[in-house]
Amino acid sequence: MTIAPLVGLITLLAVVTFQATAMQVGRARMRYGVKPPLMSGPPAFERAMRVQQNTLEQIVVFLPAFWLAVLFSNATAASALGAVWVLGRVLYAVGYLRAPEQRGLGFAISFIATTVLLVMALVGSVMRLL
């Protein structure tokens, strides 16, 4: 079995996760009457906005780290960590939308997954140079 379909699936799941956060902001805008370009409103709207913003901030680091870990290290391990990242982002979103203090576990899971992917990518890249 080739790993490419799994890598593609993890990439798509990460992008779909981000899109879901964008859709949540759109729903919150409609529900609470927050018209663009406003970025603030009731706390429930602001939580949805922060979930989307933080997911955007994290995906910018996750995707290159994921792909470089796939290419230069271990594609299977990187894919497993990618799946963990997606799970962490979902837990982060669900927790934060409920109450800001419930976001920590999901954030930690996704942040640690990204950090391990970065290390894998860095070590793998250096090893290829040597």
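Val15 belongs to helix 1, residues 4-32. The model is predicted: local features need pLDDT of at least 70, side-chain atom pairs count only at pLDDT 80 or more, and totals for chains, interfaces and linings use all residues. Residues are numbered from 1 along each chain as its sequence is written, and side-chain values use heavy atoms, with hydrogens and water left out.

**Overall architecture**

- The protein contains 4 helices and 0 strands, where helices (H or I, at least four residues) and strands (E, at least two) are DSSP runs numbered from the N terminus.
- Along the sequence, the pattern is α-α-α-α.
- Taken along the principal axes, the box filled by the C-alpha atoms is roughly 55 × 25 × 25 Å.
- Of the 130 residues in the protein, 37% are buried.
- Among contacts (heavy atoms within 4.5 Å) with a separation of 6 or more, 67% involve residues 24 or more positions apart.

- Val15 and Val86 are 71 residues apart along the chain, and their C-alpha atoms are separated by 9.4 Å.
- Pro37 lies in the loop between helix 1 and helix 2.
- The peptide bond from Pro36 to Pro37 is cis, with omega near 10°.

**Gln52 in helix 2**

- Gln52 is part of helix 2, and it counts as buried because its relative accessibility is 16%.
- Apart from neighbours within four places in sequence, Gln52 contacts Phe18, Thr21, Ala22 and Val25.

**Helix 2 against helix 3**

- Two packed helices are described by the angle between their axes and the distance between the axes.
- Helix 2 (residues 43-72) packs with helix 3 at an angle of about 175°, their axes being 11 Å apart; the axes are lines fitted to C-alpha atoms over the stretch in contact, and angles run from 0 to 180 degrees between N-to-C directions.
- Helix 2 is therefore roughly antiparallel to helix 3, given that angles under 35 degrees count as roughly parallel, over 145 as roughly antiparallel, 65 to 115 as roughly perpendicular and the rest as oblique.
- The residues of this contact divide into 14 nonpolar, 5 polar and 4 charged; Ala, Val, Leu, Ile, Met, Phe, Trp, Tyr, Cys and Pro count as nonpolar, Asp, Glu, Lys and Arg as charged, and the others, Gly among them, as polar.

**Helix 3 itself**

- The 24 residues of helix 3 (residues 75-98) should span 34 Å at 1.5 Å a residue, which agrees with the 35 Å between its end C-alpha atoms; the expected span is 1.5 Å times one less than the number of residues.
- At the start of helix 3, a side-chain oxygen of Asn74 comes within 3.0 Å of the backbone nitrogen of Thr76.

**Helix 4 and Thr114**

- For helix 4 (residues 104-129), the 26 residues should span 38 Å at 1.5 Å a residue, and the end C-alpha atoms are 37 Å apart, which agrees.
- Buried residues of helix 4 include Gly106, Ser110, Ala113 and Leu117, and the buried residues of this helix pack against helix 2 and helix 3.
- Thr114 of helix 4 is buried, with a relative accessible area of 3%.
- Apart from neighbours within four places in sequence, Thr114 contacts Val61, Phe62, Ala65 and Trp85.
- The side chains of Thr114 and Trp85 are joined by a polar contact of 3.2 Å; such a contact is a pair of N or O atoms within 3.5 Å, where within protein one must be able to donate a hydrogen and the other to accept it, and residues adjacent in sequence count only if both atoms are side-chain atoms.

Terms used:
Buried means under 20% relative accessible area, exposed over 50%, partly exposed in between (1.4 Å probe, protein chains only).
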